[in-house]
Amino acid sequence: QKVGDEVVLLKASELRSGERTIAKLAPGEQFKVTAVHPEWLELNYKPPGWVARNRVVLASQALSHLTRLIADQPQNRDAYLARAAIYRRQGGKRCC
């Protein structure tokens, strides 16, 4: 991921600023990346904060990624919640 990319959270995550939690984010929320670090991404939240890179996927790949994840891990509650959030943003349209 790089600055300007739209990413989707794969699981519930804490948005951090240093040692402080700024917000608790839900699976499927979508954000723009505003800065990058090898293990972290800064997201366009008010105020901006950091989330671990391994907790997001590019928005353009999110539905297919989550569908595969659900097939491999049908008990993964966050994957279902993230996929449902994407479907809601699309007006309830399933594409994958």
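A: Lys and Arg count as positive and Asp and Glu as negative, while His and the chain ends are not counted. Each charge is placed at NZ of Lys, CZ of Arg, CG of Asp or CD of Glu. On that basis the protein chain has 16 positive and 9 negative charges, and their mean positions are 7 Å apart.

This is a predicted model: local features need pLDDT of at least 70, side-chain atom pairs count only at pLDDT 80 or more, and totals for chains, interfaces and linings use all residues. Residues are numbered from 1 along each chain as its sequence is written, and side-chain values use heavy atoms, with hydrogens and water left out.

First, the whole chain. The protein chain holds two helices and seven strands (DSSP runs numbered from the N terminus: helices are H or I with at least four residues, strands are E with at least two). Along the sequence the order is β-β-β-β-β-β-β-α-α. The C-alpha trace spans about 35 × 25 × 25 Å along its principal axes.

Next, cover and contacts. Of the 96 residues, 38% are buried (buried is under 20% relative accessible area, exposed over 50%, partly exposed in between, with a 1.4 Å probe and protein chains only). The accessible surface comes to about 5,800 Å², and carbon and sulfur atoms hold 51% of that surface (Shrake-Rupley method, 1.4 Å probe; for residues, only the protein chains shown count as cover). Among contacts with a separation of 6 or more, 50% link residues 24 or more positions apart (contact means heavy atoms within 4.5 Å).

Now the strands. Strand E1 (residues 6–9) has two partners to consider here: E4 and E7. E1 pairs with strand E4 (residues 30–36) in the antiparallel sense over three bridges (strands pair if DSSP finds at least two bridges between them). Val 8 stands opposite Gln 30 in E4. E1 also pairs with strand E7 (residues 56–58), again antiparallel and over three bridges. There, Leu 9 stands opposite Val 56.

E4 continues the pairing. Three bridges join E4 to E5, and these two run antiparallel. Ala 35 has Glu 42 in E5 as its bridge partner. The two strands form a hairpin with three residues between them.

Then E2 and E3. Strand E2 (residues 13–17) runs antiparallel to strand E3 (residues 20–25), with five bridges between them. Ser 17 is bridged to Arg 20 in E3. E2 and E3 form a hairpin with two residues between them. Gly 18, in the turn, has a positive phi of about 65°. Most residues other than glycine have a negative phi, and most peptide bonds are trans. Glu 19 lies in the loop between E2 and E3. Its relative accessible area is 75%, so Glu 19 is exposed. From Glu 19 to Arg 53, 34 residues apart in sequence, the C-alpha distance is 17 Å.

Leu 25 sits in strand E3. Its relative accessibility is 4%, so Leu 25 counts as buried. Beyond neighbours within four places in sequence, Leu 25 is in contact with Leu 9, Ala 12, Ser 13, Leu 15, Phe 31, Leu 43 and Tyr 45. Ile 86 is 61 residues from Leu 25 along the chain, and their C-alpha atoms are separated by 14 Å.

Pro 47 lies between strand E5 (40–43) and strand E6 (49–52). A cis peptide bond joins Lys 46 to Pro 47, with omega about -5°. Relative accessibility is 43% for Pro 47, so this residue counts as partly exposed. Leaving aside neighbours within four places in sequence, Pro 47 is in contact with Leu 15 and Ile 22.
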